[in-house]
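Today I opened the model and kept a few notes as I went. Here they are, for anyone who wants to follow along.

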Amino acid sequence: MGTSDRMAQVGAGRKGLWLRTVSRALLLSAASPAICSVAFSQTAPAPAGAPGSDPQTVMVTDHRLTAGGLIGSTDAARAESAVSSDFVAQLAPTLTAFQLVTALPGANVATSDPYGISTASSLTLRGMGQDEIGVLMQGAPQNDIGNYYAYPSQFVDPENIRQVTLTPGSVDLDSPVINGAGGLLSVTLDDPAERYGGRTDLSYGSFDARRAFLRMDTGRIGNVRAFISYSRMGADNWRGPGRDSKQHVDFNLMDEWGQGNRISLSASFNDAVTTGYPEPTLAQWQQFGRSFNYNRDFQPGDTSYWRQYVNTFRNLYVSAPSTFTLTDHLSLDLTPYVQRGYGNSPYGATLSSAGNFFGTVPLAPLRFPGSANGTVSVLGNYTGDQFRAGLNGKLSWTVGHHTLIGGLWVDHADDRDQESFTPMTAGGEPVDFWGTDKYAIRMPDGRVYRVLDDHTITSIQSAYLADRISLDDDRLKIDLGFKAAYVSRTGTNGLPGPQYQVSLYDFQPLPRAAVRYQIDSRHQLFADVTTNFRSPNAYALYNTYSGGELTGIGNSRLKDEYSIAEEIGYRYRGGVMTASVTAFNYNFTNRQIATIVLVNGAQVNGTINAGGQTSRGIDAEIGLQPVAGFSPYLSGEFLDATTDNNISAGGDLVPTAGKTAVRSPRVQAAAGVSYDQGTVFGNLMGKYIGPQYSTFINDERMKGFGQLDAMIGYHLPSVGFALAPEVRLNLINVTNEKVLSGVASPTLNARTVTGVGGTAIAGTAPTYYIGGGFAAIATVASRF
């Protein structure tokens with residue numbers, strides 16, 4: 001949860017003596033991923049020999065990795081790949097979970113800065129957007145409950161990641177998400193070490209980037225072991241004015257006993273202040289290029305001054321994935337979780353004392369600093385305050401050739417989104433960047449003046465049943481499952497007007513089936529049919545107002561996006577080569593496309609209902625065992641995604657049927673090689689993403705582009721308490737390609753078009769992310 005456009009989550013974390021000591025030590029002063037096809041439980045993985053879990057989740061039978069850790073084996077009856085910790089350890093230590101999976105088949109990652117600090121990023125899989133991809137960390141949902149966006153810059157530090165698994169097109173039956181029509185990304189934390197010790201990293205790079213990381217492991221104390229880590233980073237904006245800063249704490253505690261019993265408690269706390277990057281239209285990009293930035297100097301009446309776009313976020317994620325062996329044939333998995341967050345995504349605005357409205361009610365003149373001078377610049381606040389808690393539990397019973405699974409997921413979320421205004425000094429400094437009520441401009445009656453005040457309660461209840469059948473000495477496995485999901489949203493609109501209470505009630509049945517056949521030790525076939533859904537965006541329920549007029553009408557009759565996905569694939573694992581190829585087909589109804597709309601000047605996540613969509617394609621990847629220290633890897637995707645319907649607009653229909661879907665490049669390809677021989681190690685990874693349409697009518701698109709990243713490192717001998725120290729240099733966007741990295745906000749049409757009924761439908765220009773420039777960051781790392 002959290003958002004660059006809407007909000008960030010937060011929690012107040014207490015730092016004890018140990019953490020304060022760590023912080024003081026740090027203040028006195030790591031990237032092409034290891035991609036492996038590995039399956040794992042969304043709850044804490046059980047030790048070897050423990051019973052398995054749901055029918056879509058299996059234990060890894062071969063942990064060897066080929067292609068320098070870029071591809072491995074899996075037993076799953078679906079397509080999936082993963083980024084392992086072995087290769088993450090060679091990455092730039094600033095990268096996010098989205099950036100770590102860039103080389104995987106079908107992963108279309110767009111970022112706004114080379115280091116990944118900015119929350120303005122996106123991930124699409126097989127043409128399906130970020131808000132349609134479920135995201136888990138330690139088995140707990142990370143998507144914003146209102147708009148479904150996930151913000152990986154707020155997740156666990158890379159040094160504490162064990163694995164990031166990417167499952168395009170489907171989610172596990174037991175996954176606690178309601179937006180998984182596009183697939184699932186799951187992050188698993190590293191286990192605490194068996195012995196007392198730790199590790200530290202110190203990094204310095206382009207744009208005065210400075211980062212320090214320290215982790216301490218308790219080692220095993222009885223059955224319990226734990227780690228805690230702290231990191232601090234700062235960097236100047238790579239384009240335009242501003243500097244980003246971030247503090248992060250990770251914690252993981254485990255207690256293991258008996259045969260497969262395991263309780264864990266993990267937490268991640270993030271505190272970040274980041275300056276936003278403006279997203280240009282194509283015309284603005286062609287005119288200004290990378291110089292399209294917020295203003296460095298303040299002028300009275302300014303709404304594009306950089307200090308008006310400083311985002312503040314605090315968020316806390318806590319989960320406790322646990323496994324209990326009840327009998328030799330019965331096990332229980334439980335994952336309780338709780339999340340808390342607060343943040344402000346501000347914007348530039350002007351405000352005058354007279355002519356204002358509270359919803360539809362006219363106001364007497366406002367009084368605030370500078371109001372006597374007429375219209376003045378202010379900070380427009382878009383704050384989000386969110387609490388979420390839930391429990392996902394399941395029983396697994398093995399009897400004969402069957403493993404029967406039954407589970408229940410419950411979730412409760414309280415989300416409040418508000419827009420207010422904060423005064424600025426004569427020099428352009430906002431009085432308060434966090435958008436708190438203490439400094440907000442008030443109405444004559446003393447209440448805070450707001451132009452948006454939505455309060456939503458979301459409740460989710462989901463039950464699932466499955467049978468996993470194992471035949472022919474485990475060579476043939478058949479998975480059958482069914483999930484029923486119920487979602488209710490109730491809320492209030494705090495602005496005076498025709499709307500006060502809102503509600504939406506949603507139910508979806510989700511059957512699925514899969515089969516995997518192990519032909520022999522090298523050859524494997526699999527196929528699956530799954531159904532998935534995405535419940536409507538919560539913010540579409542509410543009316544919006546501007547100038548006392550109703551400018552947007554809430555809709556509680558929105559339909560779910562629903563998908564039927566089919567896959568068939570083949571895997572090969574030999575002594576020299578590991579490879580896989582998957583053909584897929586998706587059929588969507590009520591396809592929901594995330595976009596960004598302006599509400600009283602604030603950028604707010606919106607949704608376009610694109611009707612039906614059909615997506616077909618092929619994913620493939622191949623990797624080789626090391627030869628003289630070199631390990632090559634290749635991946636690619638061909639995608640054919642089309643819109644099936646004409647889309648309604650202005651009382652007419654935009655002729656979009658048969659057009660290529662937005663954010664759906666026809667071709668993607670990645671190629672890389674790793675080297676590790678003696679004291680020298682390194683890697684080289686390139687990714688190409690083909691052209692992407694940014695409008696449904698296909699009258700505007702961004703060019704295809706490529707990016708090359710590199711790393712070189714040197715293993716140093718252990719000295720004193722420094723165990724296996726190393727130095728490495730990561731180069732990001734080596735050739736400094738000046739490109740647009742993705743579509744930020746698609747539209748129906750960029751230019752005026754004639755509708756099916758003959759109406760002239762005016763166009764709106766889509767906007768884009770500007771890809772990060774070249775950056776180099778050097779890291780010294782050691783264990784102790």
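I looked up V667 and found it in strand β36, residues 667-677 (strands are DSSP runs of E, at least two residues, and helices runs of H or I, at least four, numbered from the N terminus). This is a predicted model, where local features need pLDDT of at least 70 and side-chain atom pairs 80 or more, while totals for chains, interfaces and linings use all residues. Residues are numbered from 1 along each chain as its sequence is written, and side-chain values use heavy atoms, without hydrogens or water.

I noted V667 as partly exposed because its relative accessibility is 39% (buried is under 20%, exposed over 50%, partly exposed in between, with a 1.4 Å probe and protein chains only). Areas are Shrake-Rupley values with a 1.4 Å probe.

**The whole protein**

I counted four helices and 46 strands. Of the 784 residues, 62% are buried. The accessible surface is about 28300 Å², and carbon and sulfur atoms hold 59% of that.
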